Amino acid sequence: MSEKTSSRPIMRLLDALGQKWALRILWELRDGPMNFRHLQARCDDVSPTSLNRRLKELRELGIVEHEESGFQYSPAGKVLAQQLLQLHQWADRYL
C-alpha cells in the first residue's frame, strides 16, 4: 500500500484491493486454503516477490491469515469474500 493512506476505512480497503494481484489472490482463496506455490500457480505464476508483498498487506489488514493448511481468509476476510461474490454475481448479470 502507498505511504499516504486515508483515515477512512473504505478508502484504505479500496487502496489495498486496488493493488496489483490483491483481488486475484482473494478470488483464488474462495475455494479454501492454499499453500504459497499453489496460490502462485493459480495467480498465473505471479512473481514470488509480488505475491509475498500482497499477502503481507492482506494479512496486515486482517483479511488473510496463514495457518498450517496454508493461506486462507480470516473471519473478516470471509465476510469480505461474500461481498466480492455479490459483485461477481452483479457483473455476470449486468455486464
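This is a predicted model: local features need pLDDT of at least 70, side-chain atom pairs count only at pLDDT 80 or more; totals for chains, interfaces and linings use all residues.
**Whole chain.** Show the protein as a cartoon and colour by secondary structure: there are five helices and two strands. Followed from the N terminus, the elements run α-α-α-α-β-β-α.

**C-alpha trace.** Switch to the C-alpha trace, which spans about 35 × 30 × 25 Å along its principal axes. The radius of gyration is 13 Å, and this agrees with a compact globule, because 95 residues packed that way would give a value near 12 Å. Of the contacts between residues at least 6 apart in sequence, 44% join residues at least 24 apart.

**Surface.** The accessible area comes to about 6500 Å², with 51% of it belonging to carbon and sulfur atoms. Buried residues account for 32% of the 95 residues.

**Charges.** Select Lys and Arg as one set, and Asp and Glu as another. The protein has 14 positive and 12 negative side chains, and the centres of these two sets lie 5 Å apart.

**Ser74.** Is Ser74 buried or exposed? Its relative accessibility is 6%, so Ser74 counts as buried, the cut-off being under 20%.

**Around Ser74.** To finish, display the side chain of Ser74 and the backbone of Gly62. The Ser74 side chain reaches the backbone oxygen of Gly62 at 2.4 Å.

Technical notes
Residues are numbered from 1 along each chain as its sequence is written. Side-chain values use heavy atoms; hydrogens and water are left out. Buried means under 20% relative accessible area, exposed over 50%, partly exposed in between (1.4 Å probe, protein chains only). A polar contact is a pair of N or O atoms within 3.5 Å; within protein, one must be able to donate a hydrogen and the other to accept it, and residues adjacent in sequence count only if both atoms are side-chain atoms. Helices (H or I, at least four residues) and strands (E, at least two) are DSSP runs, numbered from the N terminus. The radius of gyration is taken over C-alpha atoms; the globule rule is 2.2 Å times the number of residues to the power 0.38. Contact means heavy atoms within 4.5 Å. Accessible areas come from the Shrake-Rupley method with a 1.4 Å probe; for residues, only the protein chains shown count as cover. The place of a charge is taken as NZ of Lys, CZ of Arg, CG of Asp or CD of Glu.
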